[in-house]
Amino acid sequence: MRPLQFLRRGFLAMLPSKRSAGADGGESKRAKLGESPSAAAAGVGTASNGTRNGAAPEIDEDLHSRQLAVYGRETMRRLFAADVLVSGLNGLGAEIAKNLALAGVKSITIHDVKMVGMWDLSGNFFLSEQDVGKNRAVACVSKLQELNNAVLVSALTEELTTEHLSKFQAVVFTDISLEKAYEFDDYCHSHQPPISFIKAEVCGLFGSVFCDFGHEFTVLDVDGEDPHTGIIASITNDSPAMVSCVDDERLEFQDGDLVVFSEVQGMAELNDGKPRKVKNARPFSFSIEEDTSSYGVYTKGGIVTQVKEPKVLRFKALRDAMRDPGDFLLSDFSKFERSPVLHLAFQALDKFKKEHGRYPTAGCEQDAQTFLKFAADISEASVSPKLENIDEKLLRHFASGSRAVLNPMAAMFGGIVGQEVVKACSGKFHPLYQFFYFDSVESLPTYQLDPQDLKPSNSRYDAQISVFGSKLQKKMLDANIFIVGSGALGCEFLKNLALMGVSCSSKGKLTITDDDVIEKSNLSRQFLFRDWNIGQAKSTVAAAAAIAINPSLQIDALQNRASPDTENVFHDTFWDGLDIVINALDNVNARMYMDMRCLYFQKPLLESGTLGAKCNTQMVIPHLTENYGASRDPPEKQAPMCTVHSFPHNIDHCLTWARSEFEGLLEKTPNEVNSFLSNPAQYAAAMRKAGDAQARELLERVSECLDKERCNTFEDCITWARLRFEDYFSNRVKQLTFTFPEDAATSTGTPFWSAPKRFPRPLQFSATDSSHINFIMAASILRAESFGIAIPDWAKNTSKLADAVNKVAVPKFEPKKGVNIVTDEKSTNLSSASVDDVAVINDLLTKLEEYAKGLPPGFQMKPIQFEKDDDTNFHMDLIAGLANMRARNYSIPEVDKLKAKFIAGRIIPAIATSTAMATGLVCLELYKVIAGEHPIEDYRNTFANLALPLFSMAEPVPAKVMKHQDLSWTVWDRWTIKGNLTIAELLQWFSDKGLSAYSMSCGTSLLYNSMFPRHKERLQKKAVDVAREVAKVEVPEYRKHIDVVVACEDDDGNDIDIPLVSVYFR
């Protein structure tokens, strides 16, 4: 999968929640993962978390919708019941605690015995200079609480003992000796039930994580992906049986997967719900280890669904795992031998601190020698295979920067560890098993660091200076950065850059832009925002929060979308002054535009994106790497229009149809009505000019809306809703099955209703069916809203609504012969053209003029734009009702409103942990870009999936080099020609380079082409004048050049793809 293409987004205060912040904080009993939430031990799913009588906590779906899309309700409930300890409030501890507060655990206890120093300010965003001298936990507790008022936050400042640990489901240590870690892990491992133990550490550009979730831990869902399914086309009577599926989509089954069968006709024996093992898995078929020769003969139908089984893991205690670590989780295969060296390095550091009571001093040769001797001694005494070659240079880097908790490393590891805590408390996703080591030593400057340059100066950047030196720190302070987007990624980037000191001098500047405003659903990830910021500009609020983190930050917050329309704001001078661009976007089109601009101005672009637990990063470095748009994934497969409208076979089809109907009924048709009423003559002229089936269909809808479907009272709206129900879920199905009976055949003789088609059945309306009456409620309320009709109080009373709907007279329906129903999957329009379209359009326009006379003066409808994130507006109620009734027609499993919201609302699953990791990884690359002079081998693109967990890092793909004679260039090059040249002079310029230029264009207009004789008269004209005359190019005063695309060929007539040409005429 190509990076990012799968995706294709006052300071500290309280978040709103329906869960009380005054919940009982006492110890609760915990069930083993996988145990029923109703178990007598009141398992992880039953802790009260502010609810009464131990009832499951209420989930604020508006706030947590994106997180719910990743975890689901049950995992969220388990999280809401979890008590967690985070010990060590350095930068890493702060990041972990932040991610857990956003996730919404029941309680977080933060522990520390150390005091805040200036050293801490480059890693912990909760701290300020006013906190120096205070206990680190005490200084953080109130600001951590402000992130989520539903989480119980408390500080612990005394020395920890094993007795402290007994109340927690998970404990995390970021600043602990190995000896103490052994003691605490032994206790947690032997506790009943076991307490999940995590030890994490960041030392400069090196990091480690160790997880021990007990001797028997159940993973309920190893990857978080929906079970794979297939639509069956045939099953053989054989041993083993061969199952073939329709070639609609490739099967995702793998050998060894378990599957269950349903809806199989003929071979009904397979519908017993028993899991069967897959073997010989292929793109559209597989075998099952079963003899079906005596079973009934398969006739049609059937769904095969993957069964996801729990997995039991047995963790070693830290003491045992340290001696025999087993396989390490790798992240970078170019560093295959690195993890054993780092396993040794962290032990040597522990020994150094134990012996000397401090970390090694940055740049100190004596400390480096001592550290190397400790490492050699530990390696010699090791029971596991000894390291043949110890990389002394690597260990020197490790020792020198070991005291520093760098913000990018803390952000990255904060995401990883935060996710591991979620796994420990919920059983969702596969835990890290058991050691993970990582380094980014290639982030160091390419030049030799002077020990004097690493010395502290009592500044907030001392920790960072101890690793990179004051020379690079100054370059960071003076940097001119452009961040595009201020959502989840943007908030994390602002926090990171403020802590790193980027753009924090009078010479530096950070520009951030975002045209969006804050919504409630943002608050669970975009941690710089608060509930009282809802409706305010994201960039402005985020900038103020970043300044609260570091008052020296020089930031300019804009509310402009970066697009061709705003190039007067983000003009040439703006771009020329930039050092680096950081994308924090949520869509491919915006990324492609920024990529194009960075190519044009030759600026580094740091890309990242997230999708649920997945994240990736891509470095786009001028003249080194390929650009973002160099390769693209194929577009997502879209369901054919006829499938969505007449032959759905999954709930996605039903929801796509439902949203289309919602927008047609409540937004598009009212807009058309208003267009007609605002200017009838102009509207009529436009319809007559169009004169096609689409125009006829629009007029039919407007005509119906103002005539037979016009509503004057709420009772009219109920009638409309009831008749819509009958039309959608009964009449249309009757017509479809009349036109294509169950035994219908195609022109080739095969059954028409073959997989994946599902034969539908009409619904019989019943006022006692809650789903039917809820559909009527949502439809009638929204219809009333669109007509400006007052909604009575009883409209939401189901019994009174049932009485009203039972009074509606429903005409009897008789299917008609000769009705055309589109079955061609390639068709893009359901409207059928007719020779009578023009006559019908004229007739409809005449009727509309009559209908308009009967309307109140100034009448306008209220178009309703779909808004998924307001659960009180009935939008999702109607869409879920439409989709589920349609699903019921076709015997497709129905979904609840939340699942419907995810699909119909096209909600992108998102969690804070993957966002934090992505931004941490990008900021490790930022060090390299600001320092400069790094070869492509030093840069890293990353794809990670925290659910598995999987980390895959690789060098970026180099830019493709093109050559002609002694010339060579890449996509990054732009040929610059200075002077106000004529077309002929430009052609000669290319000729001098051995290129024959035969065509020249500017924008979408052709300036010159040798094939057109009349273009010869342009040869003696200035290129800019031709551009102004022919292409209508307006060159603003701030721009000194025009860009032309030139088509060239060599002496042999071969086309040569040359760079963009900029003619500087001023």
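**The second largest cavity and its surroundings**

Modeller: In this predicted model, helix 8 gives the largest share of the lining of the second largest cavity, namely five residues. The volume of this cavity is about 150 Å³. Its lining is made up of 16 residues, and those closest to the cavity centre are L178, K199, E201, M322 and F346. Helix 8 spans residues 338-356, and it is one of the elements that each supply at least two lining residues. The others are strand 5 (196-203), strand 6 (206-212), helix 7 (318-323) and strand 15 (435-439).

Elsewhere in the chain, a single residue deserves attention. The unreviewed UniProt entry carries the annotation "active site" for C642. This residue lies in helix 18, which covers residues 641-646. C642 has a relative accessible area of 2%, and it therefore counts as buried, since that term applies under 20%. Leaving aside residues up to four places away in sequence, C642 touches F647, V822, T823, D824 and E825.

Finally, the domain assignment may be considered. It gives domain 1 (229-307), domain 2 (649-754 + 761-827 + 837-891) and domain 3 (961-1064). Taken over C-alpha atoms, the centres of domain 1 and domain 3 are separated by 61 Å.

Notes:
Residues are numbered from 1 along each chain as its sequence is written. This is a predicted model: local features need pLDDT of at least 70, side-chain atom pairs count only at pLDDT 80 or more; totals for chains, interfaces and linings use all residues. Side-chain values use heavy atoms; hydrogens and water are left out. On a 1 Å grid over the protein atoms alone, a cavity is a set of points where a 1.4 Å probe fits but cannot get out, and a pocket is an open set with protein on both sides within 12 Å along at least five of seven lines; lining residues have an atom within 4 Å of a point. Grid points are joined across faces, edges and corners, and a volume is the space filled by probe spheres set on the points. Helices (H or I, at least four residues) and strands (E, at least two) are DSSP runs, numbered from the N terminus. UniProt positions are given in the numbering used here, feature names are shortened, and annotations may be inferred rather than shown by experiment. Buried means under 20% relative accessible area, exposed over 50%, partly exposed in between (1.4 Å probe, protein chains only). Contact means heavy atoms within 4.5 Å. Domain bounds come from an automatic or database domain assignment.
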